[in-house]
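Hi,

Here is the structure I promised to send over.

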Amino acid sequence: MKDFAPVVFNDETLQDPYPTYTRLLEEGPLHYVDVGSKWPVWSVFGHAECSSIAKDPRCSAKRAQQLLLSLPLSRQSEFSELARMFSLWLIFMDPPEHTRLRKLLNKGFSPAAIEALRPPIENLVDRMLKPLKPGMEIDLLSAFAYPMPVSVISEMMGVPDALHGTFADWSRAIAVFRGSPNRTVEHAHAAQDAMLHLTDYFRKTVAERKRNKGDDLISLLIDIEEEGEVLTEEEVYAQCIALLFAGHETTRNLIGNGMYTLLQYPEPTAELRENPEMIRSAVEELLRYESPVQFTARVLKEDIELCGQHIPKKWTILCMLGAANRDPKRFKDPNQLDLKRLNNQHLAFSAGPHACIGGQLARLEGQVAILNLVQRFPNMKLVGPRQEWASTFGLRGLTSLRVTL
Ligand code: HEM
């Protein structure tokens with residue numbers, strides 16, 4: 001082990017993490033890195049290693065309590081409710097609870113259920129893009145990439161349009177807390193308040209929906225609760241918040257990061273415009289190249305040996321998905337954008353039992369949104385010399401994306 005820990009999450013790597021990933025991957029797949037919190041953390045950068053940690057039953061997903069570790073010890077108890085509420089999310093559960101709930105929730109995300117959303121998503125994109133005209137200067141994120149996935153997930157959950165703005169603010173507060181490696185007390189307060197407001201909203205909505213069930217995701221969760229022994233009522237609210245959050249905070253960055261990347265590569269983008277059937281492989285490549293989720297974490301249930309290193313029980317391991325997606329052992333010319341890349345086994349949606357349940361939905365939204373943008377606005381250009389990346393390193397996205405259409 002080195003006597004100093006390489007810094008991975010600072011302002012410089014936030015703006016461009018890829019040279020650091022490349023350098024660390026050249027040295028090996030496992031590193032003890034400074035992530036801007038109190039202690040360095042063992043982190044896997046290699047594709048094969050990330051994938052095997054995500055699938056390893058000795059690695060627990062129960063890590064909600066760990067989210068508080070970067071706060072001052074004397075303040076952590078103020079946020080025990082926040083950690084408890086996070087711990088009810090599917091993503092922070094282990095088997096057998098995780099397996100049972102995941103199996104039942106999969107119904108809401110089956111290929112047939114997602115494919116049925118194609119026409120409404122195409123209509124939504126058409127409605128949202130119609131008022132935008134070539135030559136206009138806009139922030140593509142606030143005008144389209146953010147509100148579009150919010151409408152889709154809200155529609156799936158039956159959340160009224162009038163609440164989208166408030167929900168987006170609450171969701172952002174949770175994202176800032178979850179996605180920042182160096183969380184502050186202020187971030188934790190904002191996230192806890194948001195979580196309490198959302199719980200309150202869903203408590204009322206679930207009670208109302210029980211009287212009047214439909215074919216939305218909340219009704220599916222109520223059916224699961226009524227089947228018994230899988231979800232308590234409080235866990236139903238928690239899954240509602242988790243789904244709403246996941247629907248807000250990730251797909252928007254697939255569209256935003258994807259368009260930002262395409263605007264820097266006019267030639268492959270022109271090829272995509274001429275050959276719309278390329279959109280599937282193009283979206284896979286954009287997910288790989290500028291992954292909206294840069295890392296996830298697991299906590300060891302027992303001591304393990306990893307890449308020749310002994311790591312004790314209870315330690316956290318970060319899976320650096322964004323780095324794994326640039327691993328030269330897995331991808332030819334990993335730092336090159338190739339919209340026609342074959343066999344693109346990226347880890348943007350992670351792997352193993354917690355692999356993203358909404359992956360097919362995100363792909364569909366990304367394909368419809370990006371293809372429409374590329375085809376309707378062939379002269380779209382970036383405005384200004386450079387765009388800033390938001391401080392939520394784990395959830396990688398730009399603060400704005402100013403373009404001329
Ligand atoms: C481009 C968009 C998206 C990306 C990059 C993404 C990424 C991820 C990743 C990396 C994980 C696994 C984390 C881990 O292994 O610890 C995950 C899990 C999850 N995602 Fe997504 N996601 C996206 C969109 C969505 C959408 C649209 C939804 C739902 C509406 C969703 C719902 C979930 C849920 C519920 C989990 C937890 C699954 C489980 O623990 O079994 N995601 N996502």
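This is a predicted model: local features need pLDDT of at least 70, side-chain atom pairs count only at pLDDT 80 or more; totals for chains, interfaces and linings use all residues.

Residues are numbered from 1 along each chain as its sequence is written.

The ligand has 26 residues around it, and Ala246, Thr250, Ser350, Cys356 and Gly358 come nearest (near means a C-beta atom, placed from the backbone, within 6 Å). Helix 13 (233-249), helix 14 (251-264) and helix 18 each give two or more residues to that shell, with helix 13 supplying the largest share, four residues. Helices here are DSSP runs of H or I with at least four residues, numbered from the N terminus. By type, the shell splits into 18 nonpolar, seven polar and one charged (Ala, Val, Leu, Ile, Met, Phe, Trp, Tyr, Cys and Pro are nonpolar, Asp, Glu, Lys and Arg charged, the others, Gly among them, polar).

Helix 18 (residues 359-376) also packs with helix 7 (residues 118-129), at about 35° and with the axes 10 Å apart (axes are lines fitted to C-alpha atoms over the stretch in contact, and angles run from 0 to 180 degrees between N-to-C directions). The residues of this contact are six nonpolar, one polar and four charged.

Then there's helix 11 (residues 185-211): its 27 residues reach 40 Å from first C-alpha to last, close to the 39 Å expected (1.5 Å times one less than the number of residues).

Cheers
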